[in-house]
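Please walk through this structure with a focus on its ligand and its cavities. Where does the ligand sit, and what surrounds it?

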Amino acid sequence: MYDFKIDGANKAQMYDDLASALKGLVHGEPDPIANMANAAALLWQTMPDINWAGFYRNVDGELVLGPFQGRPACIRIKFGDGVCGAAAASRQTQLVEDVHAFPGHIACDAASESEVVVPLIKEGELLGVLDIDSPSKARFDAADKEGCERLAAILVEAL
Ligand code: SME
């Protein structure tokens with residue numbers, strides 16, 4: 001759908017398209033699992049150069065695997081562990097150019113080299129995280145961070 005290597009203009013267009021598509025997918029649907037499942041599928045079929053896209057939910061203070069696309073992944077991640085746990089604990093998006101250099105990175109898929117993890121926060125409550133992994137180093141930049149945070153904001157309204 002989009003080039004393997006997307007330039008700035010294409011990337012902006014991709015996130016505009018993703019935002020419109022995601023709004024359409026979640027419109028009128030109150031079930032959070034269904035909405036996360038469709039969001040993961042949308043990211044998976046649209047974003048170039050990724051090997052995992054999906055969610056961990058905050059279940060009683062622990063991250064538990066939610067809807068995703070990609071290889072089977074670790075099921076439970078404690079707050080503070082790995083990139084997902086760092087995003088949950090800090091409530092800040094984690095943009096990691098080289099996962100092997102990240103302290104405590106959890107290697108679910110040995111192919112992952114870089115990732116972006118966005119916390120999902122609704123009315124002050126951490127609902128979970130959106131995790132997107134790539135087999136290429138430094139696959140995600142500031143524009144991806146902004147784009148993914150925009151998508152997370154749309155989704156959070158439907159969780
Ligand atoms: N890489 C993540 C673990 C989840 S998997 O990549 C799907 C981390 O270190 O938090």
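A polar contact is a pair of N or O atoms within 3.5 Å; within protein, one must be able to donate a hydrogen and the other to accept it, and residues adjacent in sequence count only if both atoms are side-chain atoms. The model is predicted: local features need pLDDT of at least 70, side-chain atom pairs count only at pLDDT 80 or more, and totals for chains, interfaces and linings use all residues. Residues are numbered from 1 along each chain as its sequence is written, and side-chain values use heavy atoms, leaving out hydrogens and water.

Start with Asp133. An N or O atom of its side chain is 2.6 Å from an oxygen atom of the ligand. A polar side-chain atom of Glu115 lies 2.9 Å from a ligand nitrogen atom. Val83 uses its backbone: an N or O atom there lies 3.0 Å from a ligand oxygen atom.

Strand S1 (52–59), helix H3 (82–90) and strand S6 (125–134) each give two or more residues to the shell around the ligand. H3 gives the most, with three residues.

Next, the second largest cavity. Among the residues that line it are Leu22, Phe55 and Leu130. Helix H2 (32–46) and helix H4 (142–156) are the elements that give two or more residues to this lining. A cavity here is a set of points, on a 1 Å grid over the protein atoms alone, where a 1.4 Å probe fits but cannot get out; lining residues have an atom within 4 Å of a point.

Definitions and conventions. Helices (H or I, at least four residues) and strands (E, at least two) are DSSP runs, numbered from the N terminus. On a 1 Å grid over the protein atoms alone, a cavity is a set of points where a 1.4 Å probe fits but cannot get out, and a pocket is an open set with protein on both sides within 12 Å along at least five of seven lines; lining residues have an atom within 4 Å of a point.
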